[in-house]
Amino acid sequence: MSQLITSTQGQRETDKQQTIQYAYSLADRFKQTGHNATREKCATFYLLLDLNQFYENLKLGHFDISLEIMERLDIFPLKQEVTVDSSISKFHTLEEEVRRCVPDTIIATMISIHNLFKQTQQLISQSAVPSNQQLRQDNLLLQEKARKLVTYAGMLPYKLTGDMSARLVQLETGMT
């Protein structure tokens with residue numbers, strides 16, 4: 001399931017949808033009848049379902065919702081009170097199925113942040129109101145999230161490919 005969540009290949013879309021539908025039906029059955037899975041495996045299963053929701057919202061262009069999902073999942077240091085070091089420590093507690101998704105999910109999260117930044121910049125430039133203080137503050141927070149995400153990616157024991165690193169830095173530098 002973890003490989004399907006981050007895939008973008010069209011031919012695998014049918015397989016992905018079938019697997020995801022099956023996973024949601026399993027989640028419903030677990031809720032209704034219980035299960036004998038370990039706490040860790042169950043948490044990983046539900047985390048993968050949440051990551052799927054993140055990707056679905058990203059694909060639909062709901063960048064605010066996708067970023068809210070990532071903040072709630074607390075995998076990356078996106079909240080002001082969360083440090084990069086604590087998120088790196090948390091990374092080591094993730095199951096391998098989730099860790100495999102992390103590089104692609106970092107890029108996807110940065111795409112959400114970048115698009116929200118651009119949307120807010122557009123609102124600021126179109127607004128006739130001289131005081132766009134809240135919008136400017138929102139953009140400063142988005143820039144901080146982007147910086148923390150780049151730092152997190154650089155500290156990960158899983159190294160991003162050169163293309164992924166370049167894309168990550170390109171997205172961050174596009175937010176100035």
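**Figure 1. Salt bridges across the whole structure.** Searching the whole structure finds 6 salt bridges, a salt bridge being a side-chain nitrogen of Lys or Arg within 4 Å of a carboxyl oxygen of Asp or Glu. This is a predicted model, in which local features need pLDDT of at least 70 and side-chain atom pairs count only at pLDDT 80 or more, while totals for chains, interfaces and linings use all residues. Residues are numbered from 1 along each chain as its sequence is written, and side-chain values use heavy atoms, with hydrogens and water left out.

**Figure 2. Close-up of the salt bridge between Lys-90 and Asp-74**. The N to O distance between the two side chains is 2.5 Å. The pair links distant parts of the chain, 16 residues apart, with Lys-90 in helix H5 (residues 84-91) and Asp-74 in the loop between helix H4 (63-73) and H5; helices (H or I, at least four residues) are DSSP runs, numbered from the N terminus. Lys-90 is partly exposed at 32% relative accessible area, whereas Asp-74, at 18%, is buried; buried means under 20% relative accessible area, exposed over 50%, and partly exposed in between (1.4 Å probe, protein chains only).

**Figure 3. Close-up of the salt bridge between Arg-147 and Glu-144**. These side chains meet at 3.4 Å, N to O. Arg-147 and Glu-144 are separated by about one helical turn, because they lie 3 residues apart in helix H8 (residues 133-155). Arg-147 is partly exposed, with 40% relative accessibility, and Glu-144 is partly exposed at 33%.

**Figure 4. Close-up of the salt bridge between Glu-96 and Arg-100**. The closest N and O atoms of this pair are 4.0 Å apart. Glu-96 is partly exposed at 33% relative accessibility, and Arg-100 is partly exposed at 38%.

Terms used
Helix = DSSP H or I, 4+ residues; strand = E, 2+ residues; numbered from the N terminus.
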